[in-house]
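Work through these exercises with the model open beside you. Try each task before reading its solution.

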Amino acid sequence: MFGFSLRPRKASASTAKERLQILLAHERSGSGGARPDCLPQLQRDILEVIRRHMQVGDEAIDIRMERGDELSSLEINIEFPATPGVN
Amino acid sequence: MSKDLKLEEPLGRVIVVTSGKGGVGKTTTSAAVGAELARRGHKTVVIDFDVGLRNLDMIMGCERRVVFDFINVIQGDAKLKQALIRDRRLENLAVLPTSQTRDKDALTKDGVEKVLDELRKEFDYIICDSPAGIERGAQMAMHFADEAIVVTNPEVSSVRDSDRVLGLLNSITERASKSGAEPVKAQVLITRHDKSRIDSGEMMTVEDVLEVLAVPLLGIIPESPAVLRASNLGVPVVLDEPSAAGTAYEDAVGRLIGEQIEMRIAADRRPGLLQRLFGRTV
């Protein structure tokens, strides 16, 4: 069989291949997930919607992404000032 | 009174890792030096200047977490804080990835300066990972440098390109153009040093290289399987299992921050025949 070897494949090389496959799947087409270039626009849109309801600054939004092989997650944190003294 | 205290705050040092020639170990060096500085308690950020060919993120193992990049920050599409990726292993370490989709023209001198000025306030060390070549990306990476690590292999084309880069550091950088400024402090880091090939006369010695380049030596990194392993895993070589290359980078960083460390050429311990036969590691 092609690629058959007596020696077990070194662990670090298979890690390298996996990492590349996940990354390149995202980079090649942008299919199955958000293209990186859309994120600045996404951020502006989110801020715009939030601002209809409360006052937040430009730095109040924090977007984190974690790309996976099955699915990726987008974590969006928005900080806004606590309303002082409700009473 | 509190105003006086603020004035004394030292600003971070900008260190460019450059070489002219490609494939000599700039990104490996940037990652290792950045990680070692952070491990020693210095707040450190590593910036990828290779616009269009992002790779520092892979070597640092944070490629899946890139959201915004250096170019987004320069163009005002994201705040610096949003583009910085904080390392999960070392709290003092951060990465500023570059764009994979733009080209080098997106790097403007004013933009780079603004980002570096902002980083200088938060970080003790700002490591600029230069692209190969001497075009725009490489020039932007070195322009605002206080110090330079010139990565060189003991091989003719690499040494020649290093010499060219040293010339540029002394002519086109901010420090070179400002009268009265100290020149960029440049040091050579010899990588892929192979003792057996030097002993057999196939490879130039460290002394040969230094004689040609006439700049101080920062360190000697031996050819080591640990470098490929670390890159496969996305771990800076100083954070992976102990290795000759890792130790050599630790020494180089010690010298970079002013420690007196004797120059030594570390070698990976080769397992003896019996160890190989029985698979023992002791």
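**Exercise 1. Find how many salt bridges cross the interface of chain B and chain A, then locate examples.**

Solution. This is a predicted model. Start with the count: the rule finds three salt bridges across the interface of chain B and chain A. The cut-off is 4 Å between a side-chain nitrogen of Lys or Arg and a carboxyl oxygen of Asp or Glu.

Step 1. Take A:Arg19 and B:Glu63. Their side chains form a salt bridge, with N to O at 3.0 Å.

Step 2. Take B:Asp77 and A:Arg44. The closest N and O atoms of this salt bridge are 3.1 Å apart. B:Asp77 sits in the loop between helix H4 (70-74) and H5 of chain B, while A:Arg44 belongs to helix H2 (residues 39-51) of chain A.

Step 3. Over all chains, the rule gives 24 salt bridges.

**Exercise 2. Describe the contact between chain B and chain A: how many residues, how much buried area?**

Solution. Count residues before area. On chain B, 25 residues are in contact with 24 residues of chain A.

Now the area. The size of an interface is often given as the accessible area lost when the parts come together. Chain B and chain A bury about 2,300 Å² between them. Carbon and sulfur atoms carry 44% of that.

**Exercise 3. Work out which helices of chain B supply the side that touches chain A, and what kinds of residue make up that side.**

Solution. Begin with polar contacts. Between chain B and chain A, 13 residue pairs are in polar contact, both residues at pLDDT 80 or more.

Next, the helices. H3 (56-60), H5 (80-83) and H12 (225-233) of chain B each supply at least two residues of this side. H12(B) gives the largest share, four residues.

Last, sort by type. The side of chain B that touches chain A has eight nonpolar, eight polar and nine charged residues.

**Exercise 4. Why can chain B be called as compact as a globular protein of its length?**

Solution. List the elements: chain B has 14 helices and eight strands. Its radius of gyration is 19 Å, close to the 19 Å from the globule rule for 282 residues, so chain B is as compact as a globular protein of that length. Along its principal axes, the C-alpha trace of chain B spans about 65 × 45 × 40 Å.

Then turn to the record. UniProt, in an unreviewed entry, lists residues 13-175 of chain B as "domain: AAA". That span is 40% helix and 17% strand, and its end C-alpha atoms lie 13 Å apart.

How values were computed
Residues are numbered from 1 along each chain as its sequence is written. Chains are lettered from A and ligands numbered from 1 in the order in which they are written. This is a predicted model: local features need pLDDT of at least 70, side-chain atom pairs count only at pLDDT 80 or more; totals for chains, interfaces and linings use all residues. Side-chain values use heavy atoms; hydrogens and water are left out. Contact means heavy atoms within 4.5 Å. Buried area is the accessible area (1.4 Å probe) that two parts lose on being put together, summed over both. A polar contact is a pair of N or O atoms within 3.5 Å; within protein, one must be able to donate a hydrogen and the other to accept it, and residues adjacent in sequence count only if both atoms are side-chain atoms. Ala, Val, Leu, Ile, Met, Phe, Trp, Tyr, Cys and Pro count as nonpolar, Asp, Glu, Lys and Arg as charged, and the others, Gly among them, as polar. UniProt positions are given in the numbering used here, feature names are shortened, and annotations may be inferred rather than shown by experiment. The radius of gyration is taken over C-alpha atoms; the globule rule is 2.2 Å times the number of residues to the power 0.38.
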